Amino acid sequence: MYHIAIYLYLIGVAILSLFNRKVKKMWKGEREAVKTLREKVDPNAKYIWFHAASLGEFEQGRPLIEYIRKHYPSYKILLTFFSPSGYEVRKDYEHADIVCYLPLDTVFNARRFLNAIRPSMVFFIKYEFWYNYLHILKKRNIPVYSVSSIFRPNQIFFRWYAYEYRKVLKCFTHFFVQNEKSKELLSTIGIYNVDVVGDTRFDRVLDIKEQAKDLPLVQAFIANKPTFVAGSSWAPDEQIFIKYFNEHPNWKLIIAPHVVNKEHIDSIKAQISGRVVLYSQASKADVETADCMIIDCYGLLSSIYRYGNIAYVGGGFGVGIHNVLEAAVWNIPVIFGPNNRNFMEARNLIAASGGFEISSYANFEALMQRFSQSPAFLEQSGNNAGQFVKDFTGATTRVLSHIEL
């Protein structure tokens, strides 16, 4: 059934690539991956292969990549992606020797790909369980590690009918999982080569914090006034918090929307009653008299959170929230929408009293009033968020302590 599904998917992607630019990029990149390897692989080098589905998983693998690059320079790094949203952003990543797409998981593709790279070891990040690649790697006695993985009872591995597909888990040399529940679930199906190490994203956000940029325009904009930073926001998020700030002009509002295009930015501007400036077009004189700043470019959000007193992370009224850790690391409370049940870091942040779920404007308004009326509550909530991140760091070191390089 797995092989049938893969070939049906392959046909579907081929057809869809005729009409969708993103899918076309992925389809072309997958077909050219082996050619890229044959052109770039150094036959005398030892390669460590990291595979991440997309950008979020890459960020989880990144601390490991950069540690190995720094401390074990004799190895070369191959980085592969499944999604264009990961590859297009990181195709020039300076800490990898080769970056390419991963061809779809057919037996033929897997053999060609592995023959071209011949990795010394492999790291699959989080949810990557490619049946054919893993079985061939196991047959060739190449160590394969699952990093920052997390397991839930509703996954296929734990269904009574999934005995055959479950064998894919036996191909891993070791699992480095995020929590005890994952370890317990794996033990119910006879998988015991497991250690609970946490999530490498916590290490990554500390690295990001240390490398944060100073942004003089943003500093001039906030002008020592209380500031609210909304990151990766979508329209349903904006409809809630913009209403509040229209009614409370004593706050400064910074919005870094998830989608940066003219249509979305114009929609945001139309909702705001105060003066709005775009970061890319503003001068120091412009920002000093503005009420809201829209960040109309990418790559600044993790640095911008440092200028806020409170953060809002978008996506919780849609498919799921974005990265709450990038905000929490700055010792500020983090607000987000209700779709966060599958995001362990958000649930734990709530438990640590540094994260706050809202489901309506009334929830948001009540929470903001509490923050405004109690500076002590605001400060303690922020400290709780920052301490939460610090308490869960160290996964990278724990992973590497189990691996022979």
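A pocket, on a 1 Å grid over the protein atoms alone, is an open set of points where a 1.4 Å probe fits, with protein on both sides within 12 Å along at least five of seven lines; lining residues have an atom within 4 Å of a point. Its volume is the space filled by probe spheres set on the points.

This is a predicted model: local features need pLDDT of at least 70, side-chain atom pairs count only at pLDDT 80 or more, and totals for linings use all residues. Residues are numbered from 1 along each chain, and side-chain values use heavy atoms.

The largest pocket has a volume of about 1800 Å³. Of its 48 lining residues, L55, G56, H258, H322 and E326 are the closest to the centre. Helix 3 gives the most to this lining, with 6 residues. Helices here are DSSP runs (H or I) of at least four residues, and strands are runs (E) of at least two.

Now the salt bridges. Each needs a side-chain nitrogen of Lys or Arg within 4 Å of a carboxyl oxygen of Asp or Glu. The whole structure has 16 of them. One joins E59 to R90, with the closest N and O atoms 3.7 Å apart. This pair links distant parts of the chain, helix 3 and helix 4, 31 residues apart. E59 is buried, at 17% relative accessible area; R90 is partly exposed, at 23%. Buried means under 20%, exposed over 50%, partly exposed in between (1.4 Å probe, protein chains only).

K262 and D266 meet in another salt bridge, at 2.7 Å. Both lie in helix 12, about one turn apart. K262 is exposed, at 63%.
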